[in-house]
Amino acid sequence: MAIFSILVLKTGQVTDIKICPEVVNSNKNFRQKVLLTLTNEVKFGETVSYGDLAKLSGSPKAAQAVGSAVSNNPISFVIPCHRVIKSDGSLGNYSKGTKNGIKEWLIDFEKHCRKKTEETE
């Protein structure tokens, strides 16, 4: 995600990265579906709860499994797992709880960039 953030800072443009299924090539179909749904449906500057991501992924009762899927993200600089938060609006953990400050910064940074982009349009 740091590489993407640098691109936003350098260009001033907010954009979403789309990935193809082969990028998260995994034998675990549910995890792959969750990661693709997150990447393709939750836009830059937005957040989604674990439960809502479970619904978007077609498994409305699988919020806990979504947590497991995003915590095993193989390419965190592309798949924006920091955008997944708890249903009460609190951030939850990031990188197995070791980088929660980074999660908060990334969410705030994206919201700020998105707001600036919308103001200039």
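The structure is a predicted model, in which local features need pLDDT of at least 70 and side-chain atom pairs count only at pLDDT 80 or more, while totals for chains, interfaces and linings use all residues. Residues are numbered from 1 along each chain as its sequence is written, and side-chain values use heavy atoms, with hydrogens and water left out.

Helix α4 spans residues 63–71, and V66, G67, A69 and V70 in this helix are buried (under 20% relative accessible area; exposed is over 50% and partly exposed in between, with a 1.4 Å probe and protein chains only). Seen down the axis of α4, these buried residues fall within an arc of 165°, so they line one face of the helix. The arc is taken from the directions between the helix axis and the C-beta atoms. The buried residues of α4 pack against α2 (29–41), α3 (50–56) and β2 (84–85), where contact means heavy atoms within 4.5 Å. Helices (H or I, at least four residues) and strands (E, at least two) are DSSP runs, numbered from the N terminus.

Side chains of opposite charge can pair when their charged atoms come close. A salt bridge here is a side-chain nitrogen of Lys or Arg within 4 Å of a carboxyl oxygen of Asp or Glu, and the count comes to four.

E46, R114 and E118 are linked in a network. E46 meets R114 at 3.7 Å, N to O, and E118 pairs with R114 at 3.2 Å.
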